[in-house]
Amino acid sequence: MKAISQGDNTYDIFDDSLRVYEKLPAQSYVVRCSDRRGFYLSKYVDMEVKEAKVYGVHDDKVEKVMSSFAEMDRSLGVILSGDKGIGKSLFAKMLSAEAIRSGIPVIVVDSYINGIASYIESIEQEAMILFDEFDKTFGEVRAKDGESSPQTNLLTLFDGLSGGKKLFVVTCNELRKLNEYLINRPGRFHYHIRFEYPSAVEIRQYLQDKLAEEYYGEIDNVVSFSGKVSLNYDCLRSIAFELNHGLTFNEAIKDLNIINIESEYYKVTLRYANGLIATNKSVCLDMFGDDDRANVYLYDNRGYNFVDVSFTPTDAVFDYRLGGHVIPADKLKLTYCSYDEDETEYKEPVEAAKSSTVEYLVISRKVDRAIHYAV
């Protein structure tokens, strides 16, 4: 029997299985709460990285975060953002595994519980606190009348002024659901690691690693498809599974849970032999329609619409060199804008275009604006 006193007059009785630690052992936990016990930690599943090969720059970023955490004399925050299935959870697992190897316990917070900030603050030792899908667990919870939002309640915790240095890690899909005082606040979250969709080169490498060599002939079809639709690593894993069972990509995609439910936007670029370029940076196209023709307004580098182009999207063929789908000149129909003689802003590009020949049209999948500055 063990008798534990937390004050002068009260005692709790436990059986002999009770063990007392000076610090939390370096393993993974999840925060739980009950009416009887209040907050407590429950052992969580082991943070194992089962992938034999990790794609991208995960290893370097994990080392960077852990090195920075070791050097800082205060808490360190890391935001992991990006769409579903492109590596955030894998990175969080890798970072968790490295933290545990370094003797740092990992505490997972997977749901909002009123008072959880104070509970985490009471853990006075170095620990990694992982808020999984933070935009859902904390961003979609509505505060009661007169109360602060769940995210606002955590701001003081993230400031790193509490006892015990913490490595706060937040994963999120929708940046717009994060509190405005978390974005562009490196004092609270020093790093913001953004995860993007794999490129054509990365998709080819992934499939060559995952497919039996006899099915390499389907890789071009998958890469071409990725130029029309965003494919994450979850999608690629499922596609590779089907191809390894002998299906063609065209057969496999019909039954996979990869379906056309949203409008896709593309950048359309018309190139002339004399170097003139006409573009539209955001066009909604159906790249899978049978005979539907698309009509697109194109602009010069000043923003003047001087030519319209009509084409059938299914005529496009993926070009690895250009990184997009290409339609040859003989399958395009051009309509040049009319102008008055004094409208030089339109006359110049139209005359320059008419004096040259069209080389080709390039259709490339529109990607989100990069969130980090490039200087």
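The model is predicted: local features need pLDDT of at least 70 and side-chain atom pairs count only at pLDDT 80 or more, while totals for chains, interfaces and linings use all residues. Residues are numbered from 1 along each chain as its sequence is written, and side-chain values use heavy atoms, with hydrogens and water left out.

The protein chain contains 10 helices and 17 strands, assigned as DSSP runs (helices H or I, at least four residues; strands E, at least two) and numbered from the N terminus. Its radius of gyration is 27 Å, well over the 21 Å given by the globule rule for 375 residues, so the chain is more spread out than a compact globule; the radius is taken over C-alpha atoms, and the rule is 2.2 Å times the number of residues to the power 0.38. The C-alpha trace spans about 95 × 55 × 40 Å along its principal axes.

Of the 375 residues, 40% are buried (under 20% relative accessible area, 1.4 Å probe, protein chains only). In helix α8 (residues 233-243), the buried residues are Tyr233, Cys235, Leu236, Ile239, Ala240 and Leu243. They cover an arc of only 150° around the axis, which puts them on the same side of α8; the arc is that of the directions from the helix axis to the C-beta atoms. These buried residues pack against α6 (200-210), α7 (219-226) and α9 (249-255), with contact meaning heavy atoms within 4.5 Å.

Definitions and conventions: Buried < 20%, exposed > 50% of the residue type's maximum accessible area, 1.4 Å probe, protein only.
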